[in-house]
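Please work through each task with the sequence and the model at hand before reading its solution.

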Amino acid sequence: MVVMPGSEDPAEAPAGQPSEIECRQIAELLADYLEGTLPRRTAELLEWHIDGCAPCIAFVNTYRGTIRATHTLHATEIPPELKKRLLTFLRAQRKSP
Ligand SMILES: [Zn+2]
């Protein structure tokens, strides 16, 4: 569990949100993610969000271009099986207080 200053409690996010992680949090987490220092679960949530969020894809591509990363977002596509597990995980979290 990563504490993100200024972030809202994900449990309070209204139903229908595309992800537990918000776009502004992606921006905050991206540097750590690209360095590989994020906890695995957080990194997966971040990937899951980005995979379905066009603005974040554009942001990541811009960011990666800026730091001249060696690989692209396209190389880190989430397998359908993993996405399904993440969805199950997220829904389970939403139900618990
Ligand atoms: Zn986003």
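**Exercise 1.** Determine at what angle α1 and α2 pack, and how far apart their axes lie.

*Solution.* The axes of α1 and α2 are 11 Å apart and meet at an angle of about 125°; axes are lines fitted to C-alpha atoms, for helices over the stretch in contact, and angles run from 0 to 180 degrees between N-to-C directions. α1 is therefore oblique to α2, given that angles under 35 degrees count as roughly parallel, over 145 as roughly antiparallel, 65 to 115 as roughly perpendicular and the rest as oblique. The crossing of α1 past α2 is left-handed, a term used if the near helix is turned anticlockwise from the far one by less than a right angle. On the α1 side, I26, L29 and Y33 make the contact, and on the α2 side T42, A43, L46, H49 and I50; a contact requires C-beta atoms, placed from the backbone, within 7 Å.

The model is predicted: local features need pLDDT of at least 70, side-chain atom pairs count only at pLDDT 80 or more, and totals for chains, interfaces and linings use all residues. Residue numbers start from 1 along each chain as its sequence is written.

**Exercise 2.** State how many helices and strands the protein chain has, and describe α2.

*Solution.* The protein chain has 4 helices and 0 strands, where helices (H or I, at least four residues) and strands (E, at least two) are DSSP runs numbered from the N terminus. Along the sequence the pattern is α-α-α-α. α2 contains 12 residues, and its first and last C-alpha atoms are 16 Å apart, close to the 16 Å expected at 1.5 Å a residue; the expected span is 1.5 Å times one less than the number of residues. The buried residues of α2 are L45, L46, E47, W48, H49 and I50, buried meaning 20 or more other C-beta atoms within 10 Å, exposed 12 or fewer, and partly exposed in between.

**Exercise 3.** Identify which residues form the largest nonpolar core.

*Solution.* This core has 10 residues: I21, I26, L29, L45, L46, W48, I50, C56, V60 and L86. A nonpolar core is a set of buried Ala, Val, Leu, Ile, Met, Phe, Trp, Tyr and Cys residues joined through C-beta atoms within 7 Å. Two or more residues each come from α1 (23–35), α2 (40–51) and α3 (54–67). The most, 4 residues, come from α2. In the protein chain of 97 residues, 14% are buried.

Terms used
Contact = placed C-beta atoms within 7 Å.
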